[in-house]
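Subject: Structure for your files

Hello,

Here is the structure I said I would pass on. My notes on it follow below.

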Amino acid sequence: LAREDLPRQRRGITPQMLGRYPDFDVLDNSITGAWDDATRGVVMSRLTLGQRALEFFTRDEEPTLRAFTDLMLAQDGEPRVPVVEMLDLKYTEGKLEGFQYEDVPDDRLLWHEVLHGLDFSAHSRYGVNCFADLDREAQAAIAQDLQRGVLTGGPWDTFNVRRAYTVTMAAMVTEFYSHPWAWNEIGFGGPAYPRGWMHFGLLGATEPFEGHDVLPVDAARDTRRRGLP
Amino acid sequence: MTSRFRLSTALKGAVRPPENDSAWLLDEHRRAVPGLSSMTRYRDEDEVDLLVVGAGAGGSTLAQRMARRGWRVVVLEAGPFWDPDRDWVSDEAGSHPLYWTMKRITGGGDPVALGKNNSGIGVGGSMIHFAGYMPRLHPSDFRTFSEDGVGSDWPIDYWDLKPHFERCEMEAPVAGQYWPWGDPHGYPHSPHPASLQALTIWDAAHRLGIEMRAGPVGIANGRMGNRPHCIYRGYCLQGCKVNAKASPLTTHIPDAIAHGAEFRAMSFATRIVLGAEGRAAGVEYLDVRTHLQHRQRARVVAVAGYSIETPRLLLNSAQAGHPHGLGNGHDLVGRGVMVQGAPQVAGRFPHEIRMYKAPPPEVSSEQFYETDARRGFARGFSVQTVGPLPIGWAEHVLAEGHWGESLREYMRDYNHWAIMGVLCELLPLPENRVTLAAEMDQFGIPVAHFHYTQCDNDRRNIDYAKGVMREIWKEAGAQDILEIDRYAHLVGGCPMGATPEDSVCNSDHQVWGIPNLLLADGSVFRTQGSANPALAIQALASRLADRLARGLVDLDAPSARHVVPARRS
């Protein structure tokens with residue numbers, strides 16, 4: 001399955017307008033009585049984060065951060081889930097996970113180090129000053145080595161590189177899949193209080209207000225066939 | 001008392017739990033604990049009868065029991081006093097405030113993720129975001145050394161706790177089918193209906209000869225007092241906004257407050273203070289909002305901060321006569337911290353499963369709980385349904401190494417996947433321990449360092465359990481399978497035992513040498529079984545309270561001695 005084969009979203013927004021539930025918009029369910037006020041407030045606040053000016057990440061780091069998160073989350077066009085701004089808010093507010101692995105620094109410092117390291121590798125391998133100046137293929141080669149933990153030199157020699165991949169990826173996907181546009185893409189029914197679910201057993205797993213998967217391609221087989229990492 | 005509890009279990013929820021009106025004290029239309037404005041407030045200089053550190057499963061249960069007996073009780077809690085209507089959301093990322101997110105360092109050969117995985121904060125503790133499974137320990141869990149030559153034996157046995165398992169099950173209330181494993185027993189509430197995911201797993205397991213049962217979950221099946229029934233929305237791990245799932249906030253704290261206990265939120269305990277004759281005299285704590293230091297006086301102090309913070313507090317309380325921390329004369333504080341191996345295996349189906357619907361805890365099996373020599377390792381595991389929401393599912397996809405385009409594609413496939421997990425009994429090892437790190441928290445207090453490495457028996461157990469899950473998925477007709485290695489729960493770190501040389505506290509939870517300093521949480525476990533620990537933590541606190549109330553705990557003894565309990569066969 002190439003992404004061109006996916007249907008265009010007809011209702012609501014998904015990241016890059018891709019998805020398998022083209023007529024499902026989870027925000028249609030955000031009405032009072034389906035979602036409680038506290039939940040609606042938290043979820044809806046994510047829709048405006050794209051306008052946030054960066055505070056935690058520096059102007060110098062921004063191009064590398066955008067290129068890195070776009071690559072790892074395959075966000076190659078608008079509309080984008082504003083992961084950069086969401087991460088910036090998280091670390092500006094000092095939100096940590098409650099544990100720090102002994103072989104990497106504090107999450108906040110680790111992010112600065114990883115971005116610095118990506119630029120270091122871009123320079124040492126390709127002679128450019130910024131990771132964002134590389135083409136997608138070169139960026140992916142560095143990312144793959146980050147995942148395998150084999151990047152060396154500069155900041156990479158000061159912490160466990162494989163762990164740095166795990167920590168930064170977990171932070172990225174947590175932001176991405178907390179955004180209602182991403183829920184539209186995957187057909188997730190979203191918050192369900194106070195309404196709750198009517199159907200969850202054998203009688204049919206879909207509620208009247210949920211969409212249907214119109215292209216049930218098996219991701220495991222398809223990504224293998226296409227040789228994706 | 002015992003016969004009354006037995007009778008009530010047979011009557012399936014028809015009998016109100018004894019001496020606990022929590023479910024009836026709650027408001028029918030609002031989720032917050034009523035009566036906070038008129039809650040008893042003690043002054044720091046009042047010598048209260050019992051000062052508890054930590055308002056979780058153990059601390060809240062102990063507080064409720066002793067308040068009922070007329071003891072003047074204060075509970076210090078580092079986090080806020082939750083109002084579920086206002087503070088909790090049906091949202092994964094938005095539930096971050098429920099987790100203990102103050103810094104801890106984790107390491108060793110197989111480091112354990114903390115935070116949202118196993119550590120709560122706020123009045124109600126980790127049960128606020130636990131899935132809801134409330135199984136009992138098995139009789140064998142208390143004698144693993146005698147029976148299987150691994151781990152160690154507890155100074156008490158299953159039968160000492162049984163009346164308290166039954167009582168806490170009524171209070172939760174626990175819903176489930178008749179339970180055929182361990183000490184067979186029924187549950188006060190009938191089983192919940194099963195989701196498509198649970199039915200899929202059940203059917204396949206059954207064909208393989210693996211028995212499963214619905215439950216046991218601490219989720220009301222039907223109304224209980226002013227607690228509504230479950231609405232199956234699936235956000236159990238994000239705090240139950242419905243008040244259907246058990247947590248101390250619904251099961252013990254309303255009754256405790258009605259009987260004069262004070263729950264003092266945003267109060268972070270930093271040091272246990274000893275007074276004359278080396279007895280506990282009170283606790284120093286910080287008001288988290290003002291950073292002002294206080295010292296609450298007390299006749300008895302009970303620490304219930306869980307397996308990381310309880311050892312940390314004892315170690316940070318080093319003072320004259322206790323240079324290495326309280327109860328640490330034999331270098332045992334912080335040792336033997338256990339986690340359960342909790343790998344999960346996902347199966348892909350051509351039709352939609354939508355595992356986010358219904359509570360993640362649905363059906364489980366304890367068929368593999370006990371040692372079976374043919375499997376090649378000691379002890380065993382339980383099998384349970386889990387139902388990750390999108391961020392949880394993304395962690396599975398990341399664990400298989402996907403990123404970019406393939407990450408997005410697996411994520412788009414979310415509704416076609418079903419996931420089950422196991423809880424493997426990993427053995428208590430002295431090298432797996434909490435110590436103090438060089439790093440300080442925001443208050444200048446050294447943070448905990450948790451070192452964890454598996455032993456060979458642990459690895460064999462986890463491998464075998466993953467194989468069982470793969471077999472179930474193959475039988476169910478899954479087209480593809482994903483696996484993730486992870487851990488769940490925390491217990492141990494300050495084990496109870498028969499002598500000061502092998503434990504931190506005695507069978508009455510008294511720290512050796514400090515008879516009025518008690519440990520009332522999961523840190524006292526010597527072994528963990530394959531059971532989720534919440535019920536056993538509550539039952540232990542309930543038993544301790546029963547013994548305190550009956551005057552069986554000698555709080556004045558110059559040095560607490562072990563009392564050998566009568567052994568039943």
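Chain B and chain A bury about 6,000 Å² between them, with 57% of that area on carbon and sulfur atoms. Please bear in mind throughout that this is a predicted model. Three residues of chain B, namely W403(B), R408(B) and R412(B), supply 16% of the area that chain B buries against chain A, which is more than any other three residues give. In terms of contacts, 67 residues of chain B touch 79 residues of chain A.

Between the two chains, 39 residue pairs are in polar contact, counting pairs with both residues at pLDDT 80 or more.

Which elements of chain B give two or more residues to the side that touches chain A? They are helix 4 (84–87), strand 3 (105–107), helix 7 (196–207), helix 11 (390–399) and helix 12 (405–412) of chain B. Helix 12 gives the most, with eight residues. Sorted by class, the side of chain B that touches chain A has 30 nonpolar, 17 polar and 20 charged residues.

The chains also pair through strands. Strand 1 of chain A (residues 100–101) runs parallel to strand 3 of chain B, and the pairing covers two bridges. In this pairing Y101(A) is opposite T106(B), a residue of strand 3 of chain B.

As for chain A itself, it has eight helices and one strand. Along the sequence the order is α-α-α-β-α-α-α-α-α. The C-alpha trace of chain A spans about 55 × 40 × 30 Å along its principal axes.

Last, the confidence scores. The model has an ipTM of 0.94 and a pTM of 0.94. The average pLDDT of chain B is 94, and 95% of its residues score at least 70. Residues 560–569 of chain B have a pLDDT below 50; beyond near neighbours in sequence, this stretch makes 22 contacts in the model.

Regards

Notes: Residues numbered from 1 in each chain as written. Chains lettered and ligands numbered in written order. Predicted model: local features only at pLDDT ≥ 70, side-chain atom pairs only at ≥ 80, totals over all residues. Heavy atoms only, no water. Contact = heavy atoms within 4.5 Å. Buried area = accessible area lost by both parts, 1.4 Å probe. Polar contact = N/O pair within 3.5 Å; in protein donor to acceptor, adjacent residues only side chain to side chain. Helix = DSSP H or I, 4+ residues; strand = E, 2+ residues; numbered from the N terminus. Nonpolar A, V, L, I, M, F, W, Y, C, P; charged D, E, K, R; others polar. Pairing = 2+ DSSP bridges. pLDDT = per-residue confidence, 0-100.
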